[in-house]
Amino acid sequence: MAREEARERMFFALWPDADIRNKLGGAADRIPATGNEVQRVKRDRLHMTLLHLGDLTPGQARGIEYAAGGIAAAPFNLIIDQAGSFGS
């Protein structure tokens with residue numbers, strides 16, 4: 001029987017610094033409860049997913065990491081003026 005290759009969940013995301021994560025976490029703490037709460041991301045893992053790639057094999061992950069290593073972008077300002085979550 002063939003052994004199934006381990007997979008790793010991968011995605012492209014923006015990872016704010018600690019100061020911004022704390023500000024975003026504080027804003028999230030002020031959102032009133034509605035009774036339909038979702039599990040919140042811990043502040044040290046707070047990020048904005050840009051593209052979810054799915055569960056990749058180690059070879060696929062290495063290829064993505066290699067290709068992404070050449071991506072460069074200038075700093076920019078991002079205005080976050082609303083909160084949401086993925087559907088349940």
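Predicted model: local features only at pLDDT ≥ 70, side-chain atom pairs only at ≥ 80, totals over all residues.
Trainee: Got it. So what does the secondary structure of the protein chain come to?

Mentor: Two helices and two strands. Reading from the N terminus, the order is β-α-β-α.

Trainee: How confident is the predictor, then? What's the mean pLDDT of the chain?

Mentor: The mean is 85, and 89% of the residues reach 70 or more. Among the elements, helix α2 (residues 58–68) has the highest confidence, with a mean of 95. Helix α1 (residues 18–29) has the lowest, at 90.

Trainee: Okay, packing. How many of the residues count as buried, in percent?

Mentor: 10% of the 88 residues.

Trainee: Can you walk me through one? Where is G25?

Mentor: G25 sits in helix α1.

Trainee: And is G25 buried or exposed, and why?

Mentor: Buried, because its relative accessible area is 8%, and the cut-off for buried is under 20%.

Trainee: Which residues is G25 in contact with?

Mentor: Setting aside neighbours within four places in sequence, R43 and L46. There's also a C-alpha distance for that part of the chain: G25 and K42 are 17 residues apart along the sequence, and their C-alpha atoms are separated by 8.4 Å.

Trainee: Now T57. Where is that found?

Mentor: In the loop between β2 (48–56) and α2. T57 counts as buried because its relative accessibility is 11%.

Trainee: What does T57 touch?

Mentor: E5, A6 and R7, if you don't count residues up to four places away in sequence.

Trainee: Which residues make the nonpolar surface patch?

Mentor: M48, L50, L51, F76, L78 and I80, and together they make about 580 Å².

Trainee: Let's pick F76. Where does that lie, and is F76 buried or exposed?

Mentor: F76 lies in the segment after α2. F76 counts as exposed, because its relative accessibility is 54% and the cut-off for exposed is over 50%.

Note on methods
Residues numbered from 1 in each chain as written. Heavy atoms only, no water. Helix = DSSP H or I, 4+ residues; strand = E, 2+ residues; numbered from the N terminus. Buried < 20%, exposed > 50% of the residue type's maximum accessible area, 1.4 Å probe, protein only. pLDDT = per-residue confidence, 0-100. Contact = heavy atoms within 4.5 Å. Patch = residues over 30% accessible without salt bridge, like charges linked within 9 Å, V, L, I, M, F, W, Y side chains within 5 Å. Areas by Shrake-Rupley, 256 points an atom, 1.4 Å probe, with all protein chains shown as cover. Salt bridge = Lys/Arg side-chain N within 4 Å of Asp/Glu carboxyl O.
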